[in-house]
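Take a moment with the sequence and the model below. Then follow the text through its pockets and its ligand.

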Amino acid sequence: MKPDKSISGTVLQAGETGMAEIDHLPQPASEHSIALMAEPRALAPHQLEERRLIHREASSRAESDIFREIRTRLLGMAGTSNFITLVVAVSPRSGASFVARNLAAAFAFDEARTSLLIDCNLRYPEQHRALGVDPANGGLIDFLEHPAQGIASRIYATGVPRLRLIPVGEAREDSGEYFSSFRMHALLDSMRHRYPDRYLFLDGPTIKGSPDARILSDLADFVVVVAGYGRDTPAAISQAVAHFEPEKVAGVVFNQAP
Ligand SMILES: Nc1ncnc2c1ncn2[C@@H]1O[C@H](COP(=O)(O)OP(=O)(O)OP(=O)(O)O)[C@@H](O)[C@H]1O
Ligand SMILES: [Mg+2]
């Protein structure tokens with residue numbers, strides 16, 4: 001599919017090989033780093049592949065290079081500070097969660113960085129299942145409804161070093177009101193500012209049919225739009241991209257979901 005010229009940002013294609021590897025990224029200086037945090041269990045490459053996660057071994061090279069490329073693009077747009085990236089799909093099942101999870105993993109490749117993936121798809125929460133996390137202590141919505149219990153117990157290890165997940169938890173209602181709330185803003189502010197080496201990724205719902213993706217974009221510095229390769233038309237992609245402030249749109253990833 002040819003990119004539509006009205007789409008701003010880089011057009012990146014997931015699922016293609018042969019992209020240049022760019023691996024020497026500037027390291028953020030951090031006084032109080034969490035990059036050296038303890039890892040309870042690290043998954044082996046074959047387990048990561050079962051979870052459709054990139055890793056640093058050669059067998060994952062083609063895909064991991066694509067996510068490294070997107071990482072480089074985002075770091076280039078951001079300058080020196082950490083940031084929040086929203087990942088949303090043009091249409092259902094295009095692979096937004098897949099891209100969000102792997103982009104977060106690509107940031108966590110770097111031993112000087114950590115990633116926090118926050119599942120914000122209230123209707124179709126997927127990340128806890130995909131990452132094999134049992135959200136026994138609840139997640140984002142439980143925190144927003146009972147902030148006194150704190151967020152720390154709702155941040156889960158994933159088996160990927162330096163990658164943490166906040167699952168949706170007990171979703172009571174599919175409502176963007178959670179995302180426009182003062183608590184959500186305050187949570188993301190504190191998550192981002194507490195550790196300068198922590199990068200945040202919001203896995204959002206499909207753009208069409210719900211205002212949530214647009215509301216979430218107000219919380220993010222950048223938006224990565226995922227299009228179904230050969231499925232979403234250029235017109236549908238342009239319409240989807242038009243929901244967001246143009247300067248936030250980092251690019252469109254064409255993903256070929258199975
Ligand atoms: N490029 C890919 N390679 C392999 N598997 C993929 C790829 N893209 C998506 N998948 C798989 O396809 C399924 C659907 O993808 P995913 O859940 O990421 O879509 P989504 O856009 O987040 O869907 P939803 O609309 O439910 O939020 C998942 O099982 C995911 O692991
Ligand atoms: Mg999803």
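How far is an oxygen atom of ligand 1 from a polar backbone atom of Ser94? The distance is 3.1 Å. Such a pair is a polar contact (N or O atoms within 3.5 Å; within protein, one must be able to donate a hydrogen and the other to accept it, and residues adjacent in sequence count only if both atoms are side-chain atoms).

This is a predicted model, where local features need pLDDT of at least 70, side-chain atom pairs count only at pLDDT 80 or more, and totals for chains, interfaces and linings use all residues. Residues are numbered from 1 along each chain as its sequence is written, chains are lettered from A and ligands numbered from 1 in the order in which they are written, and side-chain values use heavy atoms, with hydrogens and water left out.

Stay with ligand 1. An oxygen atom of the ligand is 3.1 Å from an N or O atom in the side chain of Asn121. A nitrogen atom of the ligand lies 3.4 Å from a polar side-chain atom of Arg52. Alone, ligand 1 exposes 630 Å², and the protein buries 85% of that. These areas come from the Shrake-Rupley method with a 1.4 Å probe.

Now look at the shell around the ligand. There are 17 residues around ligand 1, and Gly95, Ala96, Ser97, Phe98 and Asn255 come nearest. A residue counts as near if one of its heavy atoms lies within 4 Å. Helix H3 gives the most to this shell, with 4 residues. Helices here are DSSP runs (H or I, at least four residues), numbered from the N terminus.

Where does the ligand sit? Ligand 1 takes the space of the largest pocket. More than half of a molecule's atoms must lie within 2 Å of the grid points for this. A pocket is an open set of points on a 1 Å grid over the protein atoms alone, where a 1.4 Å probe fits, with protein on both sides within 12 Å along at least five of seven lines; lining residues have an atom within 4 Å of a point.

The largest pocket has a volume of about 1000 Å³. Of its 42 lining residues, Arg93, Ser94, Gly95, Ala96 and Ser97 are the closest to its centre. Helix H2 (61–78) and helix H3 (96–109) each supply at least two lining residues.

The second largest pocket holds about 230 Å³ of space. Its lining has 15 residues, with Leu48, His55, Arg56, Phe109 and Pro161 closest to the centre. H3 gives the most here, with 3 residues.

Note on methods
Grid points are joined across faces, edges and corners, and a volume is the space filled by probe spheres set on the points.
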